[in-house]
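Q: I have a structure open and want to learn how to read it. Where do we start?

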Amino acid sequence: MNHIPNSIQARDIASIIHPQTNLALHETQGPVVMERGEGIYIYDDSGKRFLDAAAGLWCASLGYASERLAKVAYEQMRRMGYYHMYRHTSHAIGVELAERLLQLAPVPMSKVLFQCSGSEANDTAIKLVWYYHAAIGKPAKRKIIGRRMGYHGSTSASISASGKPDMHADFGLPFPDFRHTEFPHWYRQRRDNESEEQFASRMADALEDLILTEGPDTCAAFIAEPVMGAGGGIVPPRTYWEKMQAVVRKYDMLFIADEVICGFGRTGNMWGSETYDLKPDMISCAKALSAGMQPISALLVNERIYQAMLDESRKLGGFAHGFTYAGHPVTSAVALETLKIYQEIDMLGHVRSVGPYMQKVVAGLLDHPLIGDVRGVGMIVGLEMVRDKATGAPFDPSLKLGSWVDQLARKHGLIARFIGDRIAFSPPLIITQPEVDDMVARLRRSLDEAYADVR
């Protein structure tokens with residue numbers, strides 16, 4: 001595709017490296033330039049309107065263009081546009097946000113560490129795992145166990161904990177102390193006649209076998225999302241979390257709940273940990289913390305971890321970790337106001353009302369010849385495209401059906417998340433029932449066209 005010289009598209013190609021993008025293809029294809037947003041819709045520079053059923057990158061919980069949050073950011077910039085939290089320095093808005101997060105925590109938490117992204121929050125959690133075990137005299141406990149197809153961010157440590165080989169390739173990753181247990185995708189990974197409960201038991205047994213193989217005295221922590229986001233919107237099979245947590249506790253490992261996608265209402269509760277009765281030692285959160293309007297994240301740690309940090313401080317002096325923009329007053333102000341908005345509009349009540357409706361309407365696509373499975377919770381749902389509905393046989397990956405359906409969906413003004421031949425919906429939490437109907441109708445038209453091509 002030839003772009004007009006000096007157009008935004010041409011200037012983009014000449015100047016920007018895009019994350020998670022085929023760079024060679026981008027040289028010829030160029031970007032879709034987004035210009036403005038309104039509610040759950042985003043508009044490109046040609047004026048085309050898209051229903052964003054992915055909430056940006058799972059984060060635009062209040063949709064786009066919030067005047068109220070813009071005013072909060074402006075007023076905070078006028079008062080104090082920046083200061084840090086290093087070396088005994090603080091500010092009131094950061095303290096208020098930390099207090100609010102501790103009040104909202106699904107299990108008792110002691111303190112909050114701020115960062116700028118979910119990747120940084122999970123990276124910090126991993127560092128604290130090692131710090132904690134060194135403090136309690138078990139420095140050999142270094143190994144971090146994630147899950148195949150899990151995703152925890154793009155820093156070197158957080159992507160090492162992630163189980164996505166495409167994101168490890170040629171980076172020399174994962175680092176040596178990282179391991180990955182089974183992908184808990186019951187529809188794809190189950191054995192013949194294996195129930196969800198039986199599958200969950202096998203997943204827990206696989207985790208225990210991995211720990212025993214590696215040596216329990218070397219296994220430090222387990223990190224996992226309550227619902228797997230980038231893995232395809234995978235909800236856990238029945239009894240999975242009960243059994244997995246029992247194994248983690250049995251071998252004296254820390255549990256990090258990655259709530260970057262699930263936190264702040266996505267599953268119908270404030271936290272995915274509440275939805276699935278998780279009892280983590282640390283909780284990472286980001287994305288909907290500021291409704292995607294500002295780059296902020298937080299890591300919540302429990303009292304035993306904080307006490308170990310105190311012991312290390314007595315031994316070493318300063319806590320030698322931090323980020324320049326951690327607890328930034330503007331991002332903190334926007335995040336605090338976002339939490340106030342959630343409470344004022346009863347966001348949880350809205351998700352508990354519209355979420356089941358969305359699950360029902362999306363499940364209606366099971367009558368489509370391309371859709372073999374639909375599963376979700378709250379306002380996240382995953383759909384599996386199949387070649388044969390009776391057997392669940394997948395399409396040949398070389399066909400890149402997901403990429404084709406993605407193109408068709410965008411033609412119909414729909415943005416969803418495509419992971420291989422799997423489709424994930426995670427729309428802004430403010431979506432209404434009529435907008436859900438519109439979202440599903442657009443996908444159905446796209447699937448119809450794709451089926452006509454592959455049939």
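A: Start with burial. Buried means under 20% relative accessible area, exposed means over 50%, and partly exposed lies in between (1.4 Å probe, protein chains only). The model is predicted, so local features need pLDDT of at least 70, side-chain atom pairs count only at pLDDT 80 or more, and totals for chains, interfaces and linings use all residues. Residues are numbered from 1 along each chain as its sequence is written, and side-chain values use heavy atoms, with hydrogens and water left out.

Q: Is Glu208 buried or exposed?

A: Glu208 has a relative accessible area of 17%, so it is buried. It sits in helix H9 (residues 196-214). Helices here are DSSP runs of H or I with at least four residues, strands are runs of E with at least two, and both are numbered from the N terminus.

Q: Which residues does Glu208 touch?

A: Contact means heavy atoms within 4.5 Å. Leaving out residues up to four places away in sequence, Glu208 touches Val247, Lys250 and Tyr251.

Q: What about Ser119: buried or exposed?

A: Ser119 is buried, with a relative accessible area of 17%. Its place is in helix H6. Not counting residues up to four places away in sequence, Ser119 touches His152, Gly153, Ser154, Thr155 and Ser158.

Q: How do I read a strand residue such as Leu300?

A: Leu300 belongs to strand S10 (residues 297-301). Its relative accessible area is 0%, so Leu300 is buried. Its contacts, not counting residues up to four places away in sequence, include Leu101, Met109, Val112, Ile283 and Cys285. Cys285 is 15 residues from Leu300 along the chain, and their C-alpha atoms are separated by 8.3 Å.

Q: Now helix pairs. What describes two packed helices?

A: Two packed helices are described by the angle between their axes and the distance between the axes. Axes are lines fitted to C-alpha atoms, for helices over the stretch in contact, and angles run from 0 to 180 degrees between N-to-C directions. Under 35 degrees counts as roughly parallel, over 145 as roughly antiparallel, 65 to 115 as roughly perpendicular, and the rest as oblique.

Q: At what angle do H6 and H12 pack?

A: Helix H6 (residues 118-135) and helix H12 (residues 303-316) pack at about 70°, with axes 9 Å apart. H6 and H12 are therefore roughly perpendicular. Their crossing is left-handed. Left-handed means that the near helix is turned anticlockwise from the far one by less than a right angle; clockwise gives right-handed.

Q: Which residues make the contact between H6 and H12?

A: From H6 come Leu128, Tyr131, Tyr132, Ala134 and Ala135; from H12 come Arg304, Ile305, Ala308, Met309, Glu312, Ser313 and Leu316. By class, this contact of H6 with H12 has 9 nonpolar, 1 polar and 2 charged residues. Ala, Val, Leu, Ile, Met, Phe, Trp, Tyr, Cys and Pro count as nonpolar, Asp, Glu, Lys and Arg as charged, and the others, Gly among them, as polar.

Q: How far apart are the axes of H15 and H16?

A: The axes of helix H15 (residues 401-411) and helix H16 (residues 433-454) are 9 Å apart, at an angle of about 135°. That makes H15 oblique to H16. The crossing of H15 and H16 is right-handed. Residues in contact include Trp404 and Leu408 of H15 and Leu443 and Leu447 of H16. The contact of H15 with H16 has 9 nonpolar, 1 polar and 3 charged residues by class.

Q: What span should H13 have?

A: The expected span is 1.5 Å times one less than the number of residues. Helix H13 (residues 329-344) has 16 residues, so it should span 22 Å; its end C-alpha atoms are 22 Å apart, which agrees. Of its 16 residues, 13 are buried.

Q: And where does the backbone do something to note?

A: Gln20 is not a glycine, yet its phi is positive, near 50°. Gln20 lies in the loop between helix H1 (8-15) and helix H2 (23-29), and is exposed, with a relative accessible area of 59%. Lys287 also has a positive phi, about 40°, and is partly exposed at 24% relative accessible area. For omega, look at the peptide bond from Leu173 to Pro174: it is cis, with omega near 5°. Pro174 is in the loop between helix H7 (156-161) and strand S6 (178-181).
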